[in-house]
Amino acid sequence: MPERVQLQTRLPVGAADTRSLGWWAMIFVVFTEAALFAYLLFSYYYLAVVVPHTPGTFPLGGPLAVKLAGPNTAILLISSAFVAWAQTGIERGNKWRLVGGLGAGALLGTIFLVIQSFEWGNQKFDIPSSAYSSLYYVVTGFHMAHVLVGVLILMALTVWAAMGYFNRFRYAHIHIGALYWHFVDAVWIAIFFTFYLTPRLGLMS
Amino acid sequence: MSVSGYERAPAIADGSRPELRRHLELLWEGEGGFIGWLSTVDHKKIGIRYIVTAFAFLVIGGLEALIFRIQLAWPNTHLLTPEQYDQLFSTHGMTMIFLYAFPVLTGFSVYVWPLVIGARDLALPRLNALSYWLYLAAGIFMYAAFLVGFGPNDGWFNYVPYASRDYNGGPNMDVYALGMVLLGISTTTGAVNFVVTFLRLRCPGMSINRVPMVTWGTVTANAANIFAVPAVSLAFFELWCDRNAGTHFFTPHEGQVLLWQHLFWMFAHPWVYVIVLPAMGMVSEALPVFTRRPLVGYAAVALGTIATMVLGFGVWVHHMFATGLPPISMSFFSAASIIIVIPSAVAVFAWVATIWLGRPVFATTFLFFAGFVFLFTLAGVSGYMTASLPVDWQLTDTYFVVAHIHYVLIGINVFPVIGATYYWFPKMTGKLMDERLGRWNFWTMFLGFNLGFFPMHITGLLGMPRRIYTYADGMGWDWLNLITTLGSFVFAAGVLLFFINVVISYRRGRAAGDNPWDAPSLEWSTSSPPPPYNFAVIPTVASRYPLWEGRMPGSSRQTITQSGLVLDHGKEQIGTGPLDAQADIILKTPEDTLVPLILCLAVTAFFVGLLLHWWWLGIAGLAATGLSLVWWHWPREELGETAEPENA
């Protein structure tokens, strides 16, 4: 049977949510970023397992405290919830819910960065102290850089949202930026588990 | 009919109307002049730029090889000092593997893809421009250091601890490390672009079982890049940290030198397939044209391509058989490396069957592709040999491995690429390449290559180690090395004939017409060279070989190229579903812009700042990067990214 172009099909025009090319591109950006963090964690586990360590050197000075990182994890996850709330808001055409949710996400992301820098300042080891300290600073540093980029994205989106660029038909930018933010939050869970929880399982010291 | 700009039913019309073509020409042609040259996002211009740049690196890398082949022609030669030799062979590897082999395939794909899939550009044209500029910047970055004597000097795979600060105090390794991270950004952005284009921009009707073979190779390789490139970028970043921030990733005792080899080969083995699969795709695409029949085993070849790539992620340890890993690990990777022969062989049998069952036309492209099948088989056999653990222990770090890698890279990359140039040059320029010179070109290259590189297998079996700057006489390697050097010069002369043919044919080649090869795919349905908008109306295809419909048994003409979707409200394309290729959106394509170039300069400034420890430059580069990205992504009305005024 011959295939014909359907004459009367109405098609969306322009950046239409998950049909926009930016959305598809961001999915693959997230894949490549996830691979990057997988290789970072591979470096961690490889050096943890393959190199013989004297007790107390991996992790250096015992497992990391969760006093700051635990609540900080919660802050990051709550920021994702705010951003999701903003996303469903604009799908219903609620501009101020969009601005508020994005702004709150950016604010909580900034608080995460401040607390994480505070933890860095209070560590008893420096970058060159050992393989473990190198991994700690490089992996959490990579993540902080990603949070910083995410916060800047959320800030730009907040400003654009306040300027009235988005409505219930046009919000591809929001979903694309939010996808990145949710990824940055999700990958933190893997880092938190690796650096803060696995040493407490008693397998590596 | 609503007046909203959010949706529209595209008109259907005849594509031959002159006023439609004039209108599209105005929309798509872009600015002229120098600024237009810098700001273009046209895939055809960027594709040719990629190809020309990659061929320039091929020439540079080839000249480097000729210099050290003179050094190796006779024993005890001291044309080069050991340090010069180290830099020369390392830079040769870096150039050929990273700056030629993949970018040239990217260039062809950038040019050809939208044309074979019936689109007007890639999915992300600005990102495409950025990929090119970053590739050029990374090439200049690494070569600038080489020219002042600070090129990489530890082989292209750059093993620690030789590459660490204690043993390699100069800036050589910092340049290589940062340059590779910069190049990695280019590769990744390109990869995302190809994958999204493949999934979303195939013209209506081009369902997943009708995709032209050339796109299968490229999309598989680029999907792999998305997962493989971060490994090498991270490895080089960690190396840079070890050298500049005192970290302990690869330092003996604290860290582990083998971590480098793992991360590097987790990337670099998939990379071997990345730089051959698109070339194999070119062969599967054009071999049917010169055998006058469809490819035998389309589905098997497409699935074999993907299977090869997937398995390619699980064989990296075969580069590390001599590092003392546990036997269970080596057995696994040896088995995986032997199994990978099967999906690769599927393609070989498909090509042989296609030639066997077809009526070959002995054009230059066919000669290069048939020669490629032969060289591919030899490369496969020597690869199969080194996959076996005891054989590898005998052969590793000898010239046998050098022979193998050159049969892979030249046989499976250079030969198909030159064949593909003969094939698509008429589409790109409107002129045919000279066939008589083409025959000389092929035979000189083919004989020179085998004369030069086949004896390396024997030199390796006789125990000559690779990476040595000279050797004593009386080892039984003398005459073999002399033949290799002679062969490499003959081969180089063949490559020179190719470039001469390109120049002569570009100046005064015969006019090609739309479809000089009577080929079946969509790019041959538009003019040569194609207009800026590629297709006046969006084609709708109904089979795997749209232009051969009605001439093959059981097929009737159903593909529509003359009339179709008219998308002329600005630069527009059609977006389709990933599997069935049903139209589901009208996409807006960005205009020419300088932002990709500015972003590239900002990112490069950041890397130069890191290299020289000029922190102010690094910070300025980062700030400029951020600002360029905000400018880039600013919601634009003409791209359909912003809300329309409520009362319009």
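Which residues of β5(B) point one way, and which the other way? Glu572(B), Ile574(B) and Thr576(B) point one way, Gln573(B) and Gly575(B) point the other way, and all are buried. Keep in mind that this is a predicted model.

β5 of chain B covers residues 572–576, and five of its five residues are buried, so by the cut-off of 20 or more other C-beta atoms within 10 Å the strand is mostly covered. Its partner is β6(B), residues 583–588, which runs antiparallel to β5(B) and is joined to it by five bridges.

Now the domains of chain B. Domain 1 is made of 11–35 and 524–588, domain 2 is 36–508, and domain 3 is 596–639. Between domain 2 and domain 3 of chain B, the C-alpha centres lie 30 Å apart. Their contact takes 13 residues from domain 2 of chain B and 10 residues from domain 3 of chain B. On the domain 2 side, the elements giving two or more residues are α5(B), 125–147, and α6(B), 172–200. The largest share of that side, seven residues, comes from α5(B). By class, the domain 2 side has 11 nonpolar residues, no polar ones and two charged ones.

Next, the contact between the chains. Chain A gives 47 residues and chain B gives 55 residues. On the chain A side, at least two residues each come from β1 (11–12), α1 (21–50), α4 (131–162) and α5 (172–197) of chain A. α1(A) supplies the largest share of that side, 15 residues. The chain A side divides into 33 nonpolar, 10 polar and four charged residues.

There is also strand pairing across the two chains. β1(A) pairs with β1(B), residues 7–8, in the antiparallel sense over two bridges. In that pairing, Pro12(A) stands opposite Glu7(B).

On to the backbone. There is a cis peptide bond from Phe58(A) to Pro59(A), with omega near 5°. Pro59(A) lies in the loop between α1 and α2 of chain A, where α2 is 69–91. In chain B, the peptide bond from Val160(B) to Pro161(B) is cis, with omega near 0°. Pro161(B) lies in the loop between α5 and α6 of chain B.

That loop of chain B holds another entry. Asn158(B) is found in the loop between α5 and α6 of chain B, and Asn158(B) has a positive phi of about 60° although it is not a glycine. Is Asn158(B) buried or exposed? With 24 other C-beta atoms within 10 Å, Asn158(B) is buried, because the cut-off is 20 or more.

Asp397(B) is found in the loop between α14 (389–395) and α15 (399–429) of chain B. How many C-beta neighbours does Asp397(B) have inside 10 Å? Asp397(B) has 13, so Asp397(B) counts as partly exposed.

Terms used: Residues are numbered from 1 along each chain as its sequence is written. Chains are lettered from A and ligands numbered from 1 in the order in which they are written. This is a predicted model: local features need pLDDT of at least 70, side-chain atom pairs count only at pLDDT 80 or more; totals for chains, interfaces and linings use all residues. Domain bounds come from an automatic or database domain assignment. Two residues are in contact if their C-beta atoms, placed from the backbone, lie within 7 Å. Helices (H or I, at least four residues) and strands (E, at least two) are DSSP runs, numbered from the N terminus. Ala, Val, Leu, Ile, Met, Phe, Trp, Tyr, Cys and Pro count as nonpolar, Asp, Glu, Lys and Arg as charged, and the others, Gly among them, as polar. Two strands pair if DSSP finds at least two bridges between them. A residue is buried if 20 or more other C-beta atoms lie within 10 Å of its own, exposed if 12 or fewer, and partly exposed in between; C-beta atoms are placed from the backbone.
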